[in-house]
Amino acid sequence: MSLHKEAYQALESILGNENISEDPAICEADLKGGSGEFIFDANAVRPACVVLPKSTEEVRDVVKIANRYRLPYIPVSTYYIGLCAPSLPDTIIIDLKRMDRLEIDEKNMYAICESGVCFSQLQAEAFKLGLQTMTPGCGSQASVVANTAVHGMGPFGYRLGSAYRRILGTEWVLPDGEVLGLGSLSFSPEDYFWGEGPGPDLRGILRGMTGPMGGLGVITRMAVKLFPFVPEPPKPSGTSPYTRLNLPTNRMKWFHLTYATPEQAVSAMYEMARSEIGTMAMTVPPLFRYIARARGKGANAFWEAWAKAKDKIDPRETIVRILLVGYTSDKQLAYEEAVLHDIATETGATIAEARPSDESWIMSADAISVYFFGGVYMPADVSLDSLNQGLKVGQSTAALKKSRTPPLGEDYGYPGWLQLQELGHSSYLEFLAFAGLEDVEQLAALSQDCVQRDIDIGAYPVYQDPTVFGPKWQDYHHIIAEVKKTFDPNGVSNPPRPMKLMLE
Amino acid sequence: MVVPLEDYRYDALSCPRCSNCKWVDHVYVRSHRFAKICPINARYGFNAYSAHGMLDMALALLDGQLDYTPGLIDVVYKCTLCGACDVRCKRNLDLEVLLVLEGLRERCAQDEAGPLPQHKAVVEKVNESHNRYGAPSQKRIQELPGAEENADILYFVGCNHSYVQKETARATARVLEASGSKFALLGAEEWCCGRPLIATGQWELARKKMEHNLDTLASYGAKTVVTSCAECYKTWKVDYPRMLKRSTEDMDYRVLHIVEHAQQSLDAGTLSFKNPVQMKVTYHDPCHLGRLSEPWIHWVGERKAFGRVEPAKTYRRGTYGVYDPPRQILNSIPGIELVEMERVREHSWCCGAGGGVMDAFKDFALWTADERLQEAESSGVETVVTACPFCCENLGEAARLARDKINVVHIAELMLKALS
């Protein structure tokens, strides 16, 4: 499709001809959203044009033109997320990569990020100041703004809190082009220090259930909290693909605790949180271990080992991996280590110190590794709830998956990947399932099984169609629909996001 | 065809569009400023200008969903084929990203959608005069101090060092001589290695250059080819075996870059640097000597379910590029202080010259080079050392235009200073 000439010229006059293209080859790269050959891409339509704004003003003007000509638009930045594939003709992709300014307020411990800034950029700059940010599970290539506006989950959420708690002053181009400042920005245009209010806190509307997914305009700038870190951050070493961070062992140590049952592991994780030790704590699915061992050796090596694993893996056996950090001193690490040993003894774990390096979670996050051995991956279910509920959902999903395996990939019945969040007040479960490219629909079917199951057991729904869950959850889908209609009267901001309802 | 796009359909299809192809390995990201690794994406911004975009284009071309457009040609030929995306992707995945990009170029050439007029002009010169400058063969370097009629080592001088930066050839010869190595030159019998043809997807034209050079090598009886050019090095070591459907280790010769030869000579005690050179320098890894120079491993097989292949395949991930020898050399020269930039070794930022970009998109090549010079400046040095004439040329020109405090030198010339 191509845009009406008048609309294209209006966009070009704002952006300059270097920063807009309707060439089909250029648009092809933004056809499929950001998740590979994925089920969300099934009905994708090639966008009509791609634009590259450099400033909030340019975003605002592009959005106003989109409203004037009733053209759908989708903001994107670093990809690797579904739900940004155009599903309507004449869609404008607003690629925010050129908006990549980053500013850190060291004294007040926050960073102002434009949408094109990725996590590793922020982490690297924060480290220089003895500070740190999140490394989200999807990887450090993700946009800080986009990821934080969604759930922004990752193991660091145990110590640093959920994403929405880290949002401070935020600049938001509303779906109709009005620019709104949230928090302290609402009364002081240069001051990002505060996130709430005044009045009703619109961050909740912005985030909704699972984030706006581009369905409520464009966030152009966001201040996020930073947190104290160790004075000497881990040092990079190794040659690709074997790169890692070497930990300062006086301040940081990984431990593995092995339990006979997942229930024991969950009890121990509660104890860790109650004692307020550690900075990340999670279970380690056997699949993750085999992927890590096969790094650099090729998919054949993985599959060979994975086939033999059948006799070695006890799906009840659960490894908990915890990172202890002496934020304040060497003594803090020694204290936490002593507490962890006590917990291990009391909860019946075999405890071992892991090698003093980090391949993933502090600076990188290797979620993409799940694609390493081919096929298609997706979280068949996600749970944001208590640890006990997370385990329950994981075990139930494992049972559901069994009936579809094969053709779904074998994982020997393991009940998903469970992370501690918010110092134990919540947890995050991702149940990843995989299939060959020819069996993608089986993944979608499993996801539907999980939806019904979640309704049956009253599980908190994440990344699912609100119209299905709404009736079970105080009809909240009507509220989302009303918010969408109010903020996006022309229905142009990544329709049908934030949910399917708008198309219907 | 040498890189049939159809053979890499799985690789194009399996891109999860994670965008890691655009960033330095996150473990090694040291700053906001120098975190990007893909020059075309950093400069042009559109996702199309990245490996992710080109994989999508390749798939759409294969599926008949896309035809050649000005945008496609612009993207394909602005890519420097530096291979950074390939290394980044292969940290986690088994996808042959770079081969898809090369396959796209070969397909463009086959369908006569490319190369660009500027490339065709170079091709004409290479075909007519056997060098990229259109200069007479007789004016190639015929003699160098220490060169002999016949020797086990053949110094393949390369077009640039034969006609343009001749002082580097003389320095290389002096290093060979100082290390006690006997070497021969091909003189007028040396033909362009074929790199400009390969870079623009014209592999079959390059094959003729390869055949001539291999025949000439055989007639000299030499077993080792030494180069001072990173592009010639990679062509002899990686691309000739590819064209012959053989592995590098199965070739009748071995290839050494002068930095490898010098490092081996240092280790053996046959070469030493006594003369102090008081300089604070940084080293720029040429793509063709670094991440792209791993030996070629010929593989023929079938794609099985999931990511499996039969037989098993060894992937080139940039792990075994020539990274240490130049650094060992610099550290062995008295007076030299080596300061590393942020993006080094397999994570090095391309200078912008490769892939025919310097011929067709001079402004973009210089922009890319200037990015590298800014990184060098931020490391507090005044001299950038490298090991490729095209890096020297492009970085040098960018320095003359905008960063006159920065010098760019070939490592052979620095070695010469340390010998004198």
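Q: Why is B:Gln110 called partly exposed?
A: B:Gln110 has 16 C-beta neighbours inside 10 Å, so B:Gln110 counts as partly exposed. A residue is buried with 20 or more other C-beta atoms within 10 Å of its own, exposed with 12 or fewer, and partly exposed in between, with C-beta atoms placed from the backbone.

This is a predicted model, in which local features need pLDDT of at least 70, side-chain atom pairs count only at pLDDT 80 or more, and totals for chains, interfaces and linings use all residues. Residues are numbered from 1 along each chain as its sequence is written, and chains are lettered from A and ligands numbered from 1 in the order in which they are written.

Q: What makes α1(A) and α3(A) roughly antiparallel?
A: The axes of α1 (residues 5-15) of chain A and α3(A) cross at roughly 170 degrees and come within 10 Å. Angles over 145 count as roughly antiparallel, under 35 as roughly parallel, 65 to 115 as roughly perpendicular and the rest as oblique. The two helices, α1(A) and α3(A), are therefore roughly antiparallel.

Q: Which residues of α1(A) and α3(A) make the contact?
A: From α1(A) come A:Ala7, A:Ala10, A:Leu11, A:Ile14 and A:Leu15, and from α3(A) come A:Glu58, A:Asp61, A:Val62 and A:Ile65. Contact requires C-beta atoms, placed from the backbone, to lie within 7 Å.

Q: How many residues of domain 1 of chain A are in contact with domain 2 of chain A?
A: 17 residues of domain 1 of chain A are in contact with 20 residues of domain 2 of chain A. On the domain 1 side, α3(A) gives the most, with 6 residues.

Note on methods:
Contact = placed C-beta atoms within 7 Å. Helix = DSSP H or I, 4+ residues; strand = E, 2+ residues; numbered from the N terminus. Axes fitted to C-alpha atoms, helices over the stretch in contact; angles between N-to-C directions.
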